[in-house]
Amino acid sequence: MSRIDPIDRRLIEATQGGLPLVPRPWEVLAGELGLEPAEVLRRVRSLHSRGVIRRVAAVPNHYALGYRANAMTVWDLPDERVAEVGERLGALEFVSHCYQRPRRLPEWRYNLFVMVHGRDRQETERQIGQLKELIGGDARAFDVLYSSRILKKTGLRLADPGRPE
Amino acid sequence: MEEIDRRIINRLQEGLPLVEAPYAAAAKELGISEEELLSRLRALLDSGVLSRFGPMFNPEALGGAFCLCAMAVPEEAYEEVAGMVNAFPEVAHNYRREHRFNMWFVLACETPGRIAQVLREIEERTGLPVLDLPKEREFYIGLRLCA
């Protein structure tokens, strides 16, 4: 992963709460940071092209949009098949996260995690059916874990670089 | 929700163009004025339909360390263990799931060494083993919910 310099870090901190909702948002940030607006936009584009910023986008609240049946599906695939299957599943509209993770045998055999979201369980079950079809014979086993309660949710914040370990 | 709000949400989940006047560019695509887009975005944020609007960062790129963890917690001890786990400031979110492994949380720390330390502390505190399942490879992250 590419490096971020102290100015990038300040830019990230300044936008963690969101992008200003004004016609020229980079100008507002430039004013706060003491930079030229063109410099702010150049840095945002660079952070985006390096993958530090995934995109500048709206994050909807699942529940407000009526998505109540959120499931983590987990799959046991041969290691050599994970990359290809993961790319294919990650491209589906209803998949929000798709990760490879290590197995922890004998307790945990699954190496691919795919989060899906439906308005109700019927819709989510249909999505899971689509995953099964796409994965086909590659899956040796799978399981579905519906979320039933949020116990804690605080956003991920930028670590303070000045704090000692 | 009005049709135009749905279209705004669907369009803006994909990302704002990174140009000098980004809202004007997105508004043009949506066939509305920049002013209307901004006022509707404000209203969607105020009412909580959108939880956030802005850059989505890849947290690893910011220098942190993250790990998904799972525990199989006996039902009778569930609330107590949830309290113990949530008390760690490194626990960023925690979900109850319907499974033998019924508690799933994410640790967000400044260094990988700290992750291992917090894992041990949680095991000691709760007396229960913790499965650590760090991300090895990411294929997609983001929501494309249809509003």
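Predicted model: local features only at pLDDT ≥ 70, side-chain atom pairs only at ≥ 80, totals over all residues.
Chain B contains five helices and six strands, and its elements, read from the N terminus, follow the order α-α-α-β-β-α-β-β-α-β-β. Its radius of gyration is 20 Å, whereas a compact globule of 147 residues would have a value near 15 Å, and the C-alpha trace spans about 60 × 35 × 25 Å along its principal axes. Of the 147 residues of chain B, 31% count as buried. Among the contacts in chain B that link residues at least 6 apart in sequence, 53% join residues at least 24 apart.

In chain A, two domains are assigned, domain 1 covering residues 7-49 and domain 2 covering residues 63-146, and their C-alpha centres are separated by 36 Å.

The contact between the chains involves 64 residues from chain B and 63 residues from chain A. On the side of chain B that touches chain A, the elements giving two or more residues are the helices α1 (3-13), α2 (22-30), α3 (34-46) and α4 (78-86), together with the strands β1 (50-57), β3 (91-97), β5 (131-133) and β6 (137-141). Of these, β1(B) gives the most, with eight residues. By class, this side of chain B comprises 34 nonpolar, 14 polar and 16 charged residues.

Note on methods
Residues numbered from 1 in each chain as written. Chains lettered and ligands numbered in written order. Domains from an automatic or database assignment. Helix = DSSP H or I, 4+ residues; strand = E, 2+ residues; numbered from the N terminus. Rg over C-alpha atoms; globule rule 2.2 N^0.38 Å. Buried ≥ 20, exposed ≤ 12 C-beta atoms within 10 Å, placed from the backbone. Contact = placed C-beta atoms within 7 Å. Nonpolar A, V, L, I, M, F, W, Y, C, P; charged D, E, K, R; others polar.
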